[in-house]
Amino acid sequence: MSKLVVLNLGKGDLHTGFPDVTIKFGMESDPRAMEFRGSLPPAPEIPQLYRNWQSLYLSVYSLYGWSVRIKVEDSDVTNISKAEFNNFCIELSSKLNDWLNSEQFRFLDQKLRMQLNPNEDICFIIATRDKLLRRLPWHLWSFFDDYPNAEVALSSLELQRPNREYKKDNKVKILAIFGNSEGIDISQDKYFLEKFPNKAKINFLIEPQLKQLSDELWTKGWDILFFAGHSYSRETGVLQINKTTTITLKKLKYGLKKAINNGLRLAIFNSCDGLGLAEALEDLHIPQVIVMREPVPDRVAQVFLKYFLTEFSSG
């Protein structure tokens, strides 16, 4: 049985600090949970450090000519070296750990370690609506070095538990959408899905029109929604469903609500910069969403899907 840990950062930001931080932990199936309170100090250097890191990250893509599932804007940074980029990675990780090892937060860290076993499976949720906090590499927190079976996820400040029962079915029903693939290779994604065991029933939509996609959400029951292609986040998440049509998930709001009521429990966006997509679906209370927070090379997206499907099909 997995342990559930929820780190709720409450109100605040990295410039002013977080005065009311709570940690709850218990068994995933047990609504009762222990709760402890603490705080986190300001860390105003982290936002700028992250922005510098992100700029160099995009420059590395341009430097190596990788195919990525996003339209990468031209960067002002030139002559970037791999060593310089690695130094920024180390510095960002170091500053994140300095912040989480602060005196104000140490009490909560110690309470956690007293309650958790390093060999346990742990679902560790970071609850925040802050867009920058959601982009930080939480998995690099030194805490997780000591708890290798902990998985990090994100949620809103109020953790929603859908109050519904899902029908058991012999076949997992997957709606697989393949959007605009100009400049990237999503053929491997389709190949891996086609090799999925017979436990799955998959409907492929290749560069669909909006009405076609909406009809599928409204009229049929799906367990998993899968998207591969170009995406990006601005104020909200955006999908390029074909070469001429770019949509926000607001366009699919009612179809998605219908699909969730009919049993949709997981959405996977094997595309880039997908936090805006996750936030749009979060408001509809879908149980689980998997997105890539930054641009990813085709190879990374493909290998992720391969191993995810292997694990999923084995239970």
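## Glutamate 294, tucked away

Glutamate 294 has a relative accessible area of 10%, so it counts as buried (under 20% relative accessible area, with a 1.4 Å probe and protein chains only; exposed is over 50%, partly exposed in between). This is a predicted model, where local features need pLDDT of at least 70, side-chain atom pairs count only at pLDDT 80 or more, and totals for chains, interfaces and linings use all residues. Residues are numbered from 1 along each chain as its sequence is written, and side-chain values use heavy atoms, with hydrogens and water left out.

Glutamate 294 sits in the loop between strand S13 (288–290) and helix H9 (298–313); helices (H or I, at least four residues) and strands (E, at least two) are DSSP runs, numbered from the N terminus.

## Its link to arginine 135

The side chain of glutamate 294 pairs with that of arginine 135 in a salt bridge at 3.4 Å, N to O (a side-chain nitrogen of Lys or Arg within 4 Å of a carboxyl oxygen of Asp or Glu). Arginine 135 belongs to helix H4, so the pair ties together parts 159 residues apart in sequence. Both residues are buried.

## Other salt bridges

The protein's count comes to 19 salt bridges. Arginine 134 and glutamate 279 make one of them, with the closest N and O atoms 3.8 Å apart. That pair joins helix H4 (residues 131–135) to helix H8 (residues 275–282), 145 residues apart, and both partners are buried.

Aspartate 215 and lysine 211 also form a salt bridge, at 2.9 Å. Both lie in helix H6, 4 residues apart. Aspartate 215 is partly exposed at 33%, while lysine 211 is exposed at 59%.
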